[in-house]
Every structure is written in C-alpha cells, then in structure tokens.
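Me: I have a protein model open and would like to learn how to read it. Could you walk me through some features?

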Amino acid sequence: MSTQHTLDRLRSDAGFIKNVVAWQRTPARPARYAPHPAALDPALIDALRTLGTETLYTHQAAAVEAALGGENVVVVTGTASGKTLCYNLPALQACRRDPTARALYLFPTKALAQDQAAALDALVNALDREVGVHTFDGDTPSRCRAAVRRAAGIILSNPDMLHQGILPQHLKWETFFSNLRYVVIDEMHIYRGVFGSHMANVLRRLRRICAFYGSDPRFICTSATIANPQELAEKLIEAPVTLIDDDGSPQGERHFILYNPPVIDPALGLRASHTRAAERIAAEFLSDDVQTVVFARARLSVEVLLGYLRDAVARYGLGDKAVRGYRGGYLPNERREIEIGLRDGDVRGVVATNALELGIDIGALSAAVLAGYPGTIASARQQAGRAGRRAEVSAAALVCSSQPLDQYIAAHPRYLFERSPEHALINPDNLVILAGHLLCAVYELSFRRGERFGAFGDVTGMLEVLAEDRAIHASGDQFRWVSEQYPAGDISLRSSSGNTIVIQALADSSSGGRGEQIIGEIDRETAPLLVYEGAVYLHEGQQYLIEALDWENGLATARPADVDYYTRASSSTGVTILNEFDSAVIGDVVKVHGGVRVTWQASSYRVIRRYTGETLGQGVIDIPAQTFETTAYWLYLTPDLTEQLVEAGLILLPNDYGPDWPAQRDTARRRDEYRCRRCGIGEDEAGREHDVHHIQPFRDFGYVRGRNENYRQANRLDNLMTLCRSCHRAVEGALYTRSALSGLGALLQNLCTVHLMCAPYDLGVVVEQRSATTLAPTIIIYDNVAGGLGFSERLYEWHDDLLRDALATVRACGCTEGCPACVGPPGEVGAATKQLTEALLVAMLGEERS
C-alpha cells in the first residue's frame, strides 16, 4: 500500500478528522539547476556525471562558487537537498590540486561522520586521482592514529575529538594544521545553547593553532532552517559568512497533519493520551507497510511508546525486529544495526528521540509521527522532514499533548506553519564556559600579556585570576601551563557535567544466565531521573530493574525483569538569589535581572501501570542534589500590593492558616505517628519534620484574616494528613502551591518560551509565595544552564509586554477555571485559578477588570 492510501483512509475516518485542527498539503516542487561554476575542476564534473549527477542544483552551484572564491559559506536548505556536495566539491578540489592540502569535516556525532564517509568514498572512487579520506574519532584504533595524522586529504571527526584528542596534541598534527584549507561544520543548527557556546570556544582554539602554524582555513557550514543561520555561523567562527538559502532541490508532495486528541474532561481541560493517539496513527501507516518514524520527547517516552506500538502492529505480522527504538544511551553497535535496518527496509518502524533528527541516512521513510511538540519550530520541521526524502508522497503528523505549547499550537496552527523558526542563541563569552576553554588554550600554546582570545578580546585579567590555582604560571609577559593535569579531559561540550553513569545488567538468575553486560550509559544530569534505585529502566523494549546506583563511581546495576508497570521520577528545584545586575519598579511590581544559584534534586518516583496509567505506588529517590549558578529575571510584588491582594483573598501567604494552625499541625502529625500517610516514611528516616496537607484546599474555605474564622473548618483534623516533602510536592502539583501566583508562573513559563523562540527546557521557573530574599510573593525565571545564555536579560527588557500578553492570553482562553493552555489544569493549580490569575494581573498592571 502507498502513503496516499493511508492518508485517504484517515481522511475518510470521521472519528479521526474531527480531532484534526489543520491539514496542510504542500505540492511537489520541481528541481532548479545551474551551470557548474567556471572554477570547478573538470575532473570533478566528470566524476559527478559518472555517478549520475549531470548538473548542480542552484544552491549547490552558488555554494561551491563562493567557497572556491575564498568565502566562508553557510548553506541552509531542506532535508535531502544535496548539501554534502556543497562542501565535498571544494574540499576535493583543494586536495586534488595540492597533494599536501588537508580538510577537516566536523559532524556532531560519530555516527553521522561514519555515514558521510561512505558517501564521500563513492565520489572519491570516481575521480582519476586518489584523495585520502580518513575517520578520526574515539573508535579509531590506536595503531592507526599516527598514519591518519600523517595522511593528506580529508579527515572526518567530531567536536569532542577535536576538543580532547586533536587540539591538545597539535604538535603531532603540525603538518595537518600547516596545510589545513577547509573546515566543514555540518548540522550547524545543533550548535545552540551550551553545546554551541562550547563549540565557538573550540573553534577559537582551532583558529589560534592554525594561525600558529601559518594557515587560515575557510569554513563551510550546513544547517537546517533556523531564523538566524548567518548570525550563528558568524558567532561560531567569528568571521564574515556568505549565506546560501535558495533551495533548488526537488521535493515530493507533503502532507502535515496537526492532531489534537479529544477532550475527556471539559472542566479540567484534560485530553486523551497523546502517546496512545500517536501509537494508533503510526500503526495505521505500518499496517499499509509504510516505513514510519515516531518521535518522542524523552527516553522514557520512547521506550513506553515502543512497547505500545509493538503490541499494536503484532497483528499485522510485524515482530519486535521490525519495530525498533533509537535514542541516546543505546550502544553504538545497536544504533548502527538499526540504521542499516532502516536503509535496507528490514526495520519498518522506529521510535526515536531527537537523535534521529540529524542527517544520518536512514533510507526512504515515508511517514513521521511526532508524539508531542518537540519544543521548537525548527525541530518540528526537521523531524517532519525525515519523511519524504525521495520524490513520492510523504506524511507527517504532530499529535499534541496537553502541555501549554502543544495546546497553543493547536489553537494557532499558523504559528507552526508560517512563523519563522527559532533563533539559535549562543554565548561564547559565558564565563564558566570561557574559563574552561582558556585553560585548554594555555595548555596548547602559552599566552602573551595583551593577547586576544577570539572576539572576547584581551584575556590577561582572566589568566591572572586562573593563575591563582597554580595550574598556570605567570612569568614576565607569558602565561604557561605548569600542571600535570589535562584540562580538556574535564570539560564536556554537551553538558555541564563531564562524565557519565554506566548501566550494567546482571544476568537473570532465574534463567540460569551468567555474567554481566554493559547495556548503555547516561549523563549525570539526567541519571537521577532514570537510573535511581527502584527504577524500571527500559532499553529497546526490554525491562530492567535498577538494583543499585553507585553515584561516586558512576555505575548503575540492573537486572532483567518482566513487570506490567514503569516508573516516572519527580524533581524539586530551589533558587537562591545571589545578586542584582539591574532592577526597576514598574507600578506595584519590581522587576530584577541578576544572578542566582539553582539547586535541583530528584525527590520521588511513581510506579505506573502500563496502558491504564494507574499509580500503583510511590518511592523516595536518594541522590545528591545538583547545583549551578546562572542568570535570572524575577518579579515580585510591593508590600502595598501584597497586602491588598492578601486582604482580597487573591494570594495566600505561606503558613497564614489561622491562629490554631501550629497546634492542629502538631496534632495531625502525632495522630499519624509522624509517618507519611502516602509512602509510609517516618520523620526520623526523612531527617526533617513532615508537612501537613489540607485535603480540601485551604483557600476553598474563604478565610480572610481579621474578617472571619473560616480557618476552623479548614483545619479540622479530618481535613489534614501528614505527608513527607516528596509526597506533598507530588500532591500539590510538582512545584506550585495553589494560588493566583502559581497560575501566573505557569502562564509566564509558556509565554517566555514563545517570546524567546527557545525550547521549554532552556528556562526554569520557580514560584515562591514569600521569597527569603525579596520577602514578597516572587516568580523567578532562570536560564537553565550554568552561567546563563542571555535569555533572562531579554525577559527583563520585555517585562511589560510579558504581563500584558499574559492577561490577554487568560482572557482569550475558552476554559472555565484553567487548563494546560493557560494557567495550568485546575487539578494542579487549584480551582478558580484562572479567575484569580486574571485578577492578579489586572492589579499588577493597574488596569480595570473586564
């Protein structure tokens, strides 16, 4: 069956169509060609013709001409548009004409480098003169590395290897750096945020070493569509760049379906599971033997959805090997096996994280299903573009979850289809990142006083500070490395932590198995949420129970299991304000931009039955807290406004539960024998006094200090229960207490992501009913990376617009008391939170109620 057949069946399904909020059809587009550039070597033109390429697309011709003319180039065109020729042709021409010339190709992953090496070999083999092509990464055997360093031609590597294995060893690479003509940065759009900020500093180090050896290579970058490709390229390489973005490649007819699962509880704004809806849509395509990729937002979601999909398609004769999972944490040989299966057609379906967004050749997929909005327009389009890499009809379906951004897109489809993709932002001068790479740069080459480090400028002052740790020695006008340490080994380009947790599976004793097996690895930043003791770890659909986690030594021990549940962790975040950079009073609201310390800790987990979603139990996670310092924007209310809102009942100050609260709280704890009524942990085990929770929310009783005594009903013992901190947070809806302030926090988190055009995980939000620093109700929005990336400064500048947009959003939303698209579901933030949030915003803006 064809993709069109599946689409026709879906279009005729009334139950499906009633939940489709948009169906965009993009007609097929013919190719546009251009003559070969006059400077292109005739031997390369003959090689292209041998491979069946008679002429170049317009963007290929323009990029090759610019690169051969000595310009730095960034090429921004669609998936499968032939971007590789834009850098292969200039690099091969340089190497063919000068036997000593070198080119360096940088791919964000080893898999992509190995994939591209195969395509490059085909072109090299069609030439009349051999050009060396070598891969140099962590998998390159030690015995082969010296030969690769000496070899002329093209080396394919990745930023991590350049950072840790090439630049620090530049004395062994003298001939390579002396003759380096081109540096290729493929999938440039990946280099945003922390990774991009690191990458810019690695390139500063690269250019510094090239200058030392007398070379000045040109850069050729390729990228998926983002809003600012030229700006990003120029910030990465710190040099002018020519933009090539007129895509001349052909494209088959494409369909993009926006599907919003039906509402199952109108009052709460709750919808049917988007995961199950994605499974059903993917099964429709697979039932017609349409090769399909399903994207999920998280590793756990991949594994859960993989199990559902395998069960669903078993009736079509598709076994487990025909539908596979693909995500970070799988071992390299597993990923290669899946990629080959996709290209060969043996694997008909794959459930993946964004690891498959990159340009790895995975064959002629015809359908893509996105289980939830991936967080950015650029990622959504990139994932959808993985289907239709040939000229035939292709389809993509985005299944919206109940998350605010998903529901925003469901209500405003044009935001996805017509708005420009996000800006890719980096901050190479982030002091935390910069300092680490400056240490690496000193290790590689000594610095002179007054010497510049890229666009940052003179780094003498920073070097003097770093010299206090004695790894750097200042002597005369020189700064030299004198430590035995290897600084690059301590810096991870992709996360703030520099190492990983290895997951080791023990044999299942019941089956008589023996031995141990490494089944994957995970970075320390996400390990607390996935491999805590008691977790069900899912790997390619196989279940493992985590029996122990040795945090210090980086080892998680697992055992195969067969259970009908999975686990999901919860975390808590605290923010300490450190200093203020700028502040202003706007009416009765104070806005601030400054520095904060974020403390994040995985606190508890739920045991959830498969398919039904029923919570079977709870557990406590005992893993050290993670901390980092960053920048933030926060706002808080003046004392006058706070007093007015408390008297009006719009906000509730902490512990303002009436005069009998201390006694009732102690009585409830004593009645419950100082144990949590949800998980059973005692106060002595928890190391602190437990909380006491109001079963019916306190605010529902309408207590107003000095006006009534409604606290007496609220504080009845039968309305109180003792809970540990973890269970209390889970019951109260993660971070938020029930108030107008929490509703505003949820709303701002959504709006800030839209305003900044960033991913939701780029920001963190904490709501405090009474901040220890401001002594007032406070909302803190912070950059979710050490040192910050500049998001909070923009939010500080947009303060007024944010509050006005928040009020407009609340008023425009059609829900009754709150929903995921505005202030959050009533079940998480409390009944009537929508009305309370609107009243709070009106008071903050000094406007009249509508």
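Reply: Let's start with Arg 205, which is found in helix α10 (residues 193-212). Helices here are DSSP runs of H or I with at least four residues, strands are runs of E with at least two, and both are numbered from the N terminus. This is a predicted model, where local features need pLDDT of at least 70 and side-chain atom pairs count only at pLDDT 80 or more, while totals for chains, interfaces and linings use all residues. Residues are numbered from 1 along each chain as its sequence is written, and side-chain values use heavy atoms, with hydrogens and water left out.

Me: Is Arg 205 buried or exposed?

Reply: The general idea is to look at relative accessible area: under 20% is buried, over 50% is exposed, and in between is partly exposed (1.4 Å probe, protein chains only). Arg 205 has a relative accessible area of 1%, so it is buried.

Me: Which side chain does Arg 205 join in a polar contact?

Reply: A polar contact is a pair of N or O atoms within 3.5 Å; within protein, one must be able to donate a hydrogen and the other to accept it, and residues adjacent in sequence count only if both atoms are side-chain atoms. Here the side chain of Arg 205 is joined to that of His 163 by a polar contact of 2.9 Å. For contact in the wider sense, heavy atoms must be within 4.5 Å. Leaving aside neighbours within four places in sequence, Arg 205 is in contact with several residues, among them His 163, Leu 167, His 437 and Glu 444.

Me: What about Asp 137: where does it lie?

Reply: Look in the loop between β6 (133-135) and α7 (142-150). Asp 137 has 1% relative accessibility, so it counts as buried. A polar atom of its side chain lies 2.8 Å from the backbone nitrogen of Asp 139. Beyond the neighbours within four places in sequence, Asp 137 is in contact with Lys 110, Gln 114, Arg 145, Asn 158 and Met 161.

Me: How do I describe two helices that pack together?

Reply: Two packed helices are described by the angle between their axes and the distance between the axes. Axes are lines fitted to C-alpha atoms, for helices over the stretch in contact, and angles run from 0 to 180 degrees between N-to-C directions. Take helix α3 (residues 42-50) and helix α5 (residues 83-97): their axes come within 10 Å and cross at roughly 135°. That makes α3 oblique to α5. Angles under 35 degrees count as roughly parallel, over 145 as roughly antiparallel, 65 to 115 as roughly perpendicular and the rest as oblique.

Me: Which residues of α3 and α5 make the contact?

Reply: From α3 come Ala 43, Leu 44 and Leu 48, and from α5 come Leu 85, Leu 89, Leu 92, Gln 93 and Arg 96. By class, this contact of α3 with α5 has six nonpolar, one polar and one charged residues. In this scheme Ala, Val, Leu, Ile, Met, Phe, Trp, Tyr, Cys and Pro count as nonpolar, Asp, Glu, Lys and Arg as charged, and the others, Gly among them, as polar.

Me: At what angle do α12 and α13 cross?

Reply: The axes of helix α12 (residues 274-287) and helix α13 (residues 299-313) cross at roughly 40° and come within 9 Å. That makes α12 oblique to α13. The contact is made by residues including Thr 275, Arg 276 and Glu 279 of α12, and Leu 305 and Tyr 308 of α13. Its residues divide into eight nonpolar, one polar and two charged.

Me: In which helix is Tyr 415 found, and how far is its C-alpha atom from that of Val 754?

Reply: Tyr 415 is found in helix α17. Although Tyr 415 and Val 754 are 339 residues apart along the chain, their C-alpha atoms are separated by 9.8 Å. Tyr 415 is buried, with a relative accessible area of 7%. Leaving aside neighbours within four places in sequence, its contacts are Tyr 373, Ile 377, Tyr 408, Ile 409 and Val 754.
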